[in-house]
Structure formats: structure tokens, C-alpha cells
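Dear colleague,

Please find below the structure I am passing on to you. My findings follow directly after it.

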Amino acid sequence: LINDKGISFSTFFILIPILKKYNIFNKLNLRNRIAQKLYDECFSTSVPRVTYTRSNEIYVLKWIINSAAYDDGIDDDFDKMVDYAFAKLLDENSEPQIIENAINLAYMRYLKNEFNHDLIWAIFRTGNPEALRIVARHLATNDNEEKNFSKTLLENAMDDGLEDEVNRFSDVDNWIEENKPYLNFTGNGYNYSASPRFCEIDTKSKYMGKCKKESGFPMNIPQSQIELENISNFKKLDYRTQVKLSRYSKFLHDTDIEKWKRWQKHSLQKQIQIVYGIREV
């Protein structure tokens, strides 16, 4: 019965202490042996040896996380096991559906006032901007708690140093498209800080109009002494000013390349004056 393909992981989880007591590991099928190995990775210093492929493991991890939609919260260790499965799965397989399942579970726990910090860490550790889009969909809810949670996640992920929260959240897709080539996911989470920054904008690359080939090498590099000086001085600016300059530079680069080239030849001080409306390009 335990080896039946229709058994849920929740049931298997509850029975693990009995299975270990009677030492019937070798009688379990491959799915259950992998599941018990993952369990022991979480809760034991002794982990059984099992030979399996990555596809075998993915199958078992999905079996584990799918049970969370029905039985999450039955036990603290069960929730920890589900979080561990999500983290392992998302580490190499950050497809949107898995991210969405993890986000939905994080919301479900938040609304029940249950622990979700490890889950949120695993979600944003993927470095997939699709997570921001999925979170943004929850802004349309009529539930104020859910909406506030969405805003908190987006504020921590989309911290670009600007105060225009209303407009930023009104079109998350545009924000993602503008910044996607320059987003660096930090790996931080609520276990590290009460208000972690999930990702940062590479303002220097954005300011330079840098585009990366698949090799990772920049196509645009400083061509003159003034550009080299500007880059050196740009790094010394406060983050908010870096964001404003890089945003304006990208706007010019994308809309009027000749104007952008002229902009690049200005001193950094003049560029700052242009951005703040004191001078013309």
C-alpha cells in the first residue's frame, strides 16, 4: 500500500517514523526511497544511499510540493520538508508554473500567519523576473492583507531608489522589461533582514548602455577620456542618483542613439544637471 502510486506524500510523511522503526527501506519503491533520503537530508545525520537520475528526483520533488496545496500546515516538519523540496526544485528548474506554485503557497501561509521566509528566499533566489509578474497579479485582489503583502514583496524586489511607487506598481511588466538585462538577484531573504533587497539594478551597465552577448562580454565600452572619468565618478554617486542617471541614459539610448552619443560626451556634472532639468542635452 505504501508503494502504491496513488499514495500522497502527506501520508508517506506521516508514516516515515514507522517505516524507519521497522527498517523496511529496502522494500520501498524508488519514489519512496528518494523521498525518505530527502527527508533524512532535512532531519537526520544519517542519509541512506540511493542511486537515481535527476529526472527521478524531479518527479519526487514535484510529488512532494503538490501535496502542499492540500495538506500544508499539518506539521512544522512537514512544512520544512515542503520548503526544502521547493528550494531543491527551484535551484535548477525555475519554470514559471513551479514559481507560481511556490508563490501561491507563500501567500497562503502569510494569510494564515505561518512561516514563509524560506519559501520566499527560494523563490527570489531563482533570479527569474517572472516571479515579480506573478506577485504583481495579486495586487488586483480585494483582500487588503494580500495586497499589502504583494506591495511589500515588490518593494523589496523592485527597490530602484525611486519614490514613485504608484506608477511603478501600475506597470510592473514595463519595469521588468526596462531592467531585466541589469537585474542582479542578491540571494537575500527575510532570514537575513526585516526588509531585504531581493535584487539590485546594475546601474553602471544601464548607464553605459551596455548590452551583453551570450559570451557575457560588453559590446559598449568607454571610448574617450571623458567617458572613463564619468564611469569612475558615477560609482561614487548615491544609489538614487545612479538610478536617475541610468534610467535617463537608457531612455536616450533606446529612443535617439545620436542624442545618447552626445550625452555620453558631457561631463557627469552636466549630465546630472540635464537629468534634473537644469540644462538641455
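A total of 19 salt bridges is counted in this predicted model. One of them joins D72 to R109, with 2.9 Å between the closest N and O atoms. D72 sits in the loop that runs between α3 (54–71) and α4 (76–92), whereas R109 belongs to helix α5, so the pair ties together parts that lie 37 residues apart in sequence.

R109 also takes part in the packing of α5 against α6. The axes of helix α5 (residues 96–111) and helix α6 (residues 117–125) come within 10 Å and cross at roughly 155°. Because angles over 145 degrees count as roughly antiparallel, α5 is roughly antiparallel to α6. The crossing of α5 past α6 is left-handed. On the α5 side, the contact is made by I99, A102, I103, L105, A106 and R109; α6 contributes L119, I120 and I123. By class, the residues of this contact comprise eight nonpolar and one charged, with no polar residue.

As regards confidence, the protein chain has a mean pLDDT of 87, and 90% of its residues reach 70 or more.

With kind regards

Notes
Residues are numbered from 1 along each chain as its sequence is written. This is a predicted model: local features need pLDDT of at least 70, side-chain atom pairs count only at pLDDT 80 or more; totals for chains, interfaces and linings use all residues. Side-chain values use heavy atoms; hydrogens and water are left out. pLDDT is the predictor's confidence in each residue, from 0 to 100. Axes are lines fitted to C-alpha atoms, for helices over the stretch in contact, and angles run from 0 to 180 degrees between N-to-C directions. Helices (H or I, at least four residues) and strands (E, at least two) are DSSP runs, numbered from the N terminus. Angles under 35 degrees count as roughly parallel, over 145 as roughly antiparallel, 65 to 115 as roughly perpendicular and the rest as oblique. A crossing is left-handed if the near helix is turned anticlockwise from the far one by less than a right angle, and right-handed if clockwise. Contact means heavy atoms within 4.5 Å. Ala, Val, Leu, Ile, Met, Phe, Trp, Tyr, Cys and Pro count as nonpolar, Asp, Glu, Lys and Arg as charged, and the others, Gly among them, as polar. A salt bridge is a side-chain nitrogen of Lys or Arg within 4 Å of a carboxyl oxygen of Asp or Glu.
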